[in-house]
Amino acid sequence: MKITELVLHPIAIADPPLRSSYGLHAPFALRTVVELKTDSGLTGFSETYGGDGPLAGLEAVRARVTGMDPFQLAGLWRDLSAEAEREIAAAPGGRSQTFLVPGENPLDRHARTFAAIEIACLDLIGKATGKPVCDVIGGRVRDRVSFSAYLFYKHGGGGGVGGDAREDEYGEVLSAEACVRECRQMIAQYGFREIKLKGGVLDPAMEIASIRALRAEFGASYPLRIDPNCAWSVDTSVEVGRALKNELSGGGYLEDPCATLEGMGEVRRRLLAERNDTPQASNVAVTCFADVPRARELDAVQIVLSDPHYWGGMRNVQQLSHLTGVLGMGLSMHSNSHLGVSLMAMTHVAAACPNLTYACDTHYPWQTAQDEIVEGGRVKFVDGCVAIPDKPGLGVELDYDQIARGRERYRKIPFRKRDDEAEMRKHVDPAWKRVLPRW
Ligand code: GKR
Ligand code: MG
C-alpha cells in the first residue's frame, strides 16, 4: 500500500466562552482534518490542531509522505525528530511550554505533525487488516475507556456567532453553585465518574469553594482534580493543596498548580512535610520524554498527562505508559477542544495503554452535533466511557457535508491562531494579560 495523496481540511468549530489562566476561548476553535489516500483505495483519517501553524507543518511533509508505505512510520519519526532536536538545541530559552497554550509550542510542531500522519496511517493499517487501531498497536487492555467530566468556568453563551451560534447548554458558570450545576448536567448526560475543574480563573478561595461544593454534592466516589495551568505561586499552591487535602485525595490530583518543575518540586516537598501526599500531574511542565527525568528527579510530577496529538502519536503514548509504569508514575490524558476523530484516536490509544491510572480528559461535551464531522453524528458515551467500536481502523468515517461546513466556517472567521489573551481583552477586560503567577 502506498500513500498517493495528503488532503488537509482546515475547519472551525463552535466553542463556548470557556475561561482558563490562558484567557478566554474564542467563539470558534480551529482544527485540521487529515486524509491520507492510498493506491489500495483505502483512506485513513486523523484530526489535529488547527490554523496556519499546524497546516504549514503538515504541508512541509507532503512530499515526504506522498509515496510512503503507511507501515513505515519509524523512518518518518527519525527524520522529523532529528530536525526538531536541532531546532530545540538552537532555541535560546529551551522548549518550555509555560507561556504557550498547549499545542502551540513551535518547537513541538514536529511531534504534532508526525502524530497527525501516524494516526491516519494507523487508521489505514487497521482498515487494511480489518482490525481496530487499538489491536493494531499491540492489543487492547480494556474495551471501554473512561473520561472525566471536564468543568470550566465560563461566560454565558454556547459558542459560534450570529446565525451560527450554538445553544448555551450550561449558562454562565462563575461560582461554586454554578459549577455544581454544570457538573450535574454533564454527569447526567455522559455518566462521568471522575471530575476535573479547570482553575486559575477566580480567586483561589472561590476555586477551593467550588471543589468543596463538588465534593459535598457528589461524594468521595467521584475523584476530583483541579488544574489552574500554573496560575498560582508556590505559596498559593501549597495553601490550596493544604485546603483541599481531603478533597483531592483518593484518586484526585493537583495539576500544574504553578510554573516549572522546580516550582512543582517545591510544592511537593512542602506538602509532603505536612504529611500531605496529594499527587501532582502535568501537561505544562512535562510535555515530552526529555522532561521526564527531571520531573522524577525533583519528584515534581507523579502523574504525566499524555496526549497523542503532541506526544508524537499513539505509539509514543504507549511508550510513555510503559516508561511511567516502570518509574512508578501515573498516567492520564490531556485534551484540547476537539471532535469525534480525535476522541476515537484518544480512545484507541488509551485502550492499548496498560499503565493508564486515571480517567482521560476530554473537551468533547463542549462541542455540539452541529459541528461533528463523524458520519452518523456524535460519538456516544455510556457511564462516562467510550467503547472501542467493532470496526476496522479508528471505527469512524467522515461526513463530507459536515467537513464542507467546517471549512466554510474556517474561511469566514478572521483568525488563524488560538489567542485566548486577545479574546479576554476583547470581551472581558481591555487590559488583560496572562500574568504568572496571578495569585
Ligand atoms: O481549553 O482552555 C483550555 C485548556 O486550558 C486547555 O488549553 C489545556 O490544554 O486542557 C488543558 C489542560 O489540561 O491544561
Ligand atoms: Mg492541564
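This is a predicted model: local features need pLDDT of at least 70, side-chain atom pairs count only at pLDDT 80 or more; totals for chains, interfaces and linings use all residues.
A polar contact here is a pair of N or O atoms within 3.5 Å.

**Exercise 1. Work out which protein atoms make polar contacts with an oxygen atom of ligand 1, using S335, D227 and K198.**

Step 1: start with the backbone. A polar backbone atom of S335 sits 2.9 Å from an oxygen atom of ligand 1, and the cut-off is 3.5 Å, so that pair counts.

Step 2: go on to the side chains. For D227, a side-chain N or O atom is 2.9 Å from an oxygen atom of the ligand. For K198, the distance from a polar side-chain atom to a ligand oxygen is 3.2 Å.

Step 3: check the burial. On its own, ligand 1 exposes 350 Å², and the protein buries 100% of that.

**Exercise 2. Describe the site that holds ligand 1.**

Step 1: Ligand 1 takes up the space of the second largest cavity.

Step 2: list the neighbours. There are 17 residues around ligand 1, and the ones that come nearest are H25, Y150, N229, H334 and H363.

Step 3: sort the shell by class. You get 8 polar, 5 charged and 4 nonpolar residues.

Step 4: trace where the shell comes from. Domain 1 (3-132 + 401-412) and domain 2 (135-394) each give at least three residues. Strands β7 (149-152) and β8 (195-198) each put in at least two.

Definitions and conventions. Residues are numbered from 1 along each chain as its sequence is written. Chains are lettered from A and ligands numbered from 1 in the order in which they are written. Side-chain values use heavy atoms; hydrogens and water are left out. A residue is near a molecule or strand if one of its heavy atoms lies within 4 Å of it. A polar contact is a pair of N or O atoms within 3.5 Å; within protein, one must be able to donate a hydrogen and the other to accept it, and residues adjacent in sequence count only if both atoms are side-chain atoms. Accessible areas come from the Shrake-Rupley method with a 1.4 Å probe; for residues, only the protein chains shown count as cover. On a 1 Å grid over the protein atoms alone, a cavity is a set of points where a 1.4 Å probe fits but cannot get out, and a pocket is an open set with protein on both sides within 12 Å along at least five of seven lines; lining residues have an atom within 4 Å of a point. A molecule sits in a cavity or pocket if more than half of its atoms lie within 2 Å of its grid points. Helices (H or I, at least four residues) and strands (E, at least two) are DSSP runs, numbered from the N terminus. Ala, Val, Leu, Ile, Met, Phe, Trp, Tyr, Cys and Pro count as nonpolar, Asp, Glu, Lys and Arg as charged, and the others, Gly among them, as polar. Domain bounds come from an automatic or database domain assignment.
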